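Take the model below one piece at a time.

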Amino acid sequence: MIHVLPSIIDGLLIGFVYGVAAMGLTLIWGVMRVINLGHGATMALGMFCTYFLFSDLALNPYLGMVAVVVLSLLFGFLIYGVALQRVIQSGYLSTLLATFAVNMIIIGIGTAVFTTSPRNIDFSAGSITLGPVILQGTRLLAALAAVVITGALYLFLYFTRPGKAIRAVSDNRAAAELMGIPSSHVLALAFGLGTMLAAVAGGLTSTFFPFTILSGATYQLKSFVICVLGGLGNPLGALVGGLFLGALEGIVPTFMPVSWVPVVEFVLFVLVLVVKPTGLLGAK
Amino acid sequence: MNLWRQPGFWPSFLLVFLSGLVVLVLRQDTLRETAFTVLMFIGLASSLNILMGYTGYVNFGHIVFFGLGGYFGFFLVSEMGWPVYLAALGGGVLSSILAYIIGAAVLRLRGAYFALATIGVNEAARAFVSNFEPFGGSTGLYVNFSAYDRYGGAGQALWFTFILLWLVVLAVIVVSYLVKRSRFGLGLSAIREDEDTAMVMGVNAPLDKTKAFLISAFFPGLIGTLYFFKNGNVEPDDAFRFQMSLEILVMVMLGGKGLLLGPIVGAFAYERLRGYLLTSVIFKNLHLATSGLVLLLIVLFVPGGGVGWLRERFPKLRRWLE
């Protein structure tokens, strides 16, 4: 048991960040009924944003996160206005393809501009030793940031007017509109927030893993798995699902080859979808 | 049904038949390679259309059947020494069996949940094959060159494979049309429009969906075997490209989903566009972004696809543009 502990804790810390990315995806799904296939590309943009702020402006990655938040929120509004607003009513196939088109555009331009050679942020925040466990500073800070973000999102959704409007639209768009909520603004806001969460998660990931413009795809798939585990449309479930997946990624390699991890993840994903589509935490 | 009297069938059939014939008459190797890719995508897009266009179930894992069926067929050729046409049939049958098993689970889901599950199936299959030793793990399998001798050397074998592919794609088109015009096909359309109502009206939705899934999965297995046989090797990253699943989807949308001619036009247009973008000086580095932009414009402004738009614009042409 004791030799598994460090890898579990490591996995849990990364799981927080996975959770943030998945929260973005699940928020967009819950409010807009859109599966955002551009989520991974947005994460990659978050990574690059953090990277350039750090390498060119020598900005601390965690301070740089503030800039990432603002930029990605605006970017989310832009994508919503250009690609989604027109098709939001016309069914999930159109929105899937629209977000996929956005994904292709971002990846295409990103590949041309940044190439696909891996980069990493050479930033160390020391480490803490607790008995047999060594905790990387960057991962601790990332987990901490993830907790702060989750808390802020919770406060926003439950205690502010725009947040309540988001939840109302997510419950019943037609009824919310009848109550005078401008649903088009709310949808834009939800998409902006979802994009922001993706970009921040990307930024946090970039502090401990090397990345390219294509890295987002892996995390996007993980986000799908997490959303389904936690129940699509349930932000808290996404965080729990993220922790679960992180821990799983820590535990599985201790008793089988690491290359089997995706098999376990995706089989679990399909099983949960089929047996309990509302997620492990979902109602009923 | 008498196919001769069906005006909607002939444009699609003749388009594929004649383009294959032209390649066979000209006998140029580079032309054959281009035509092989285009025909392959026509076959994949048309078979996806049976599930996605007719039944309304968006499958992001269509390439799983191409990959797994192709892997199995390739295994039969290279390890068991089967002739390629029998191996391709084996690949197709295996794909259908897999579709039956996978379908029993995921076809109970609807809409976006089904779409998500198929993404999972795609990734699980790729990850599984990368670790499955009889299929060569992550390095894949290579064909033994003596396998080509049976067909009179590698050059002849490539032509033989091309003819097989051509016949398979023609078969896809015939089957697509027969399905569309049958009672079964009407049931599928009813499921697409409103599954609950269809069931109330007496459509056996679970059975019909499963049948559509089986038919849709059979052809990618065949095509996969031929494709990998032509390439001489097969590896997981090549066989389960999520990107390719999406490209096939884009082709169906581009031409018009639910139409016989749609995927054919879509596959052709997409391949030409990609070929042009890849070779042009200005767009070489931006071909992905440009394809994305084209897709976005289609989704936003021409949701019926090219053929769908023509049908809407020129009602008189409708009987020809099925």
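Leu130(A) stands opposite Val133(A), a residue of β2(A). This is a predicted model, in which local features need pLDDT of at least 70, side-chain atom pairs count only at pLDDT 80 or more, and totals for chains, interfaces and linings use all residues. Residues are numbered from 1 along each chain as its sequence is written, while chains are lettered from A and ligands numbered from 1 in the order in which they are written.

Strand β1 (residues 127-130) of chain A pairs with strand β2 (residues 133-136) of chain A in the antiparallel sense, over 4 bridges. Pairing requires at least two DSSP bridges. Strands are DSSP runs of E, at least two residues; helices are runs of H or I, at least four, and both are numbered from the N terminus. The β1(A)–β2(A) hairpin has 2 residues between its strands, and Gly131(A) takes a positive phi near 60°.

Now chain B. The axes of helix α2 (residues 29-54) of chain B and helix α12 (residues 242-255) of chain B come within 9 Å and cross at roughly 75°. Therefore α2(B) is roughly perpendicular to α12(B), a label for angles of 65 to 115 degrees. Axes are lines fitted to C-alpha atoms over the stretch in contact, with angles from 0 to 180 degrees between N-to-C directions. Ile248(B), Met251(B) and Val252(B) in α12(B) meet residues of α2(B) including Phe41(B), Leu44(B) and Leu48(B). Contact means C-beta atoms, placed from the backbone, within 7 Å.

Finally, Ala21(A). Its contacts include Met43(A), Leu197(A) and Tyr219(A), leaving out residues up to four places away in sequence.

Methods
Contact = placed C-beta atoms within 7 Å. Parallel < 35°, antiparallel > 145°, perpendicular 65-115°, else oblique.
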